[in-house]
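Work through the exercises below with the structure in view. Each task is followed by a solution in steps.

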Protein chains: 2
Amino acid sequence: MTDLLARRDTWSTANCSIAAALDVVGNRTTLLLLREASLGTRRFDDFAHRAGVSEPVAATRLKQLVADGLLERRPYRQPGQRTRDEYLLTPKGRDLLPVLAALRQWGDTYAVDEPSIRVAHRDCGAPVQVRLRCDAGHDVPADEVAVLPGPGLLPTTPPATPDLPAQPCHTHPCHTRSET
Amino acid sequence: MTDLLARRDTWSTANCSIAAALDVVGNRTTLLLLREASLGTRRFDDFAHRAGVSEPVAATRLKQLVADGLLERRPYRQPGQRTRDEYLLTPKGRDLLPVLAALRQWGDTYAVDEPSIRVAHRDCGAPVQVRLRCDAGHDVPADEVAVLPGPGLLPTTPPATPDLPAQPCHTHPCHTRSET
DNA sequence: GAGCTGACTTAGGAAAACCAAAGCCAGCTA
DNA sequence: TAGCTGGCTTTGGTTTTCCTAAGTCAGCTC
């Protein structure tokens, strides 16, 4: 019952939460705007310029982010200026920070020469990393992750092509072979 | 020197590692294919059908993933069949699993009614979560993250519009207001 | 009360991404 | 050696995403 991966064709990813998350944040611009929000950007023009997108795109995406509940638009006022609106991360939006952190961590390792910013623990100064951890408190490396059925699991209607002898990712040759 | 966010306009995100990562995995299809790879999918047709994309798209993206070094294409042979190619995660591709895990965690919380699969620690059975942790071993909540300059930080050429009194994300009103 | 500025919107168009349907090819099986 | 199957590629068309350039509008400042 627990060997889901061995019967990969008996269940579908129709209601996959990764796909559902990607429906909200599945494009580059949206994630760049969220990056800016997490770095303290609040004004429309700053969002557009710092994320490197045009104003029409910024307007469209910010509107969508507010509609999706990731940002909140609220009026603010600077002395001697008129009332304006600013965009602030909601708790729902803030909960996407691990996604940004994971992307940054991977990008630091594989996609840039040198990181432009570092992320540290404010209280102790030590670098912050994204980790997988189980509720029992263990660090969980990628090869110790097990996939189990959840309450929303949907069976597939058509029994698809007979599968390869399925293996979870961690038993693949890719995890034991010598690195290139 | 450490209050980067207060001088957000003095540095640019031109070489941002998040943007660089998004250049590689910044579209929905790519991440869905990586999801499938992490769930043990190895054959072309299975990638296309399970990720829900057409064959031409699957072919293009898989080719790109191999070119980017996230997947490795290698011949395999089942008894009584001819030699075929399969796609396996490389270590570089496997290091993106925290991104998928973070997306799944967010999606489970906000984007689906009930998760279709659960992820557990193989050794102890406890649910696995994505966490931010510092090298000193502390759990780091979002409001204790500090942003520091890295070696690749680029200054901006044009001093942009005078900024709002900048605040790191964790001091925003969004973190202290009552939730809706 | 004219001008400026921040915050957008509108218009028009280019590029990227995606799809369905059909075709191609290698190499087993019969 | 004819047919089947997995693994693609080609064709043609639609949708999405993004751009530049220009216009709008509210409400301070002068």
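**Exercise 1.** Classify A:Arg73 by its relative accessible area.

Solution. A:Arg73 has a relative accessible area of 48%. Buried means under 20%, exposed over 50% and partly exposed in between, with a 1.4 Å probe and protein chains only. A:Arg73 is therefore partly exposed.

The model is predicted: local features need pLDDT of at least 70, and side-chain atom pairs count only at pLDDT 80 or more, while totals for chains, interfaces and linings use all residues. Residues are numbered from 1 along each chain as its sequence is written, chains are lettered from A and ligands numbered from 1 in the order in which they are written, and side-chain values use heavy atoms, leaving out hydrogens and water.

**Exercise 2.** Describe the salt bridge between A:Asp85 and A:Arg73.

Solution. A salt bridge needs a side-chain nitrogen of Lys or Arg within 4 Å of a carboxyl oxygen of Asp or Glu. Here the N to O distance is 3.1 Å. A:Asp85 lies in strand S3 of chain A and A:Arg73 in strand S2 (residues 71-77), so the pair ties together parts 12 residues apart in sequence. Strands are DSSP runs of E, at least two residues, numbered from the N terminus. A:Asp85, at 35%, is partly exposed.

**Exercise 3.** Are A:Arg42 and A:Glu86 buried or exposed?

Solution. A:Arg42 has 9% relative accessibility and counts as buried. A:Glu86, at 4%, also counts as buried. Their side chains meet in a salt bridge of 2.9 Å, N to O.

Key. Helices (H or I, at least four residues) and strands (E, at least two) are DSSP runs, numbered from the N terminus.
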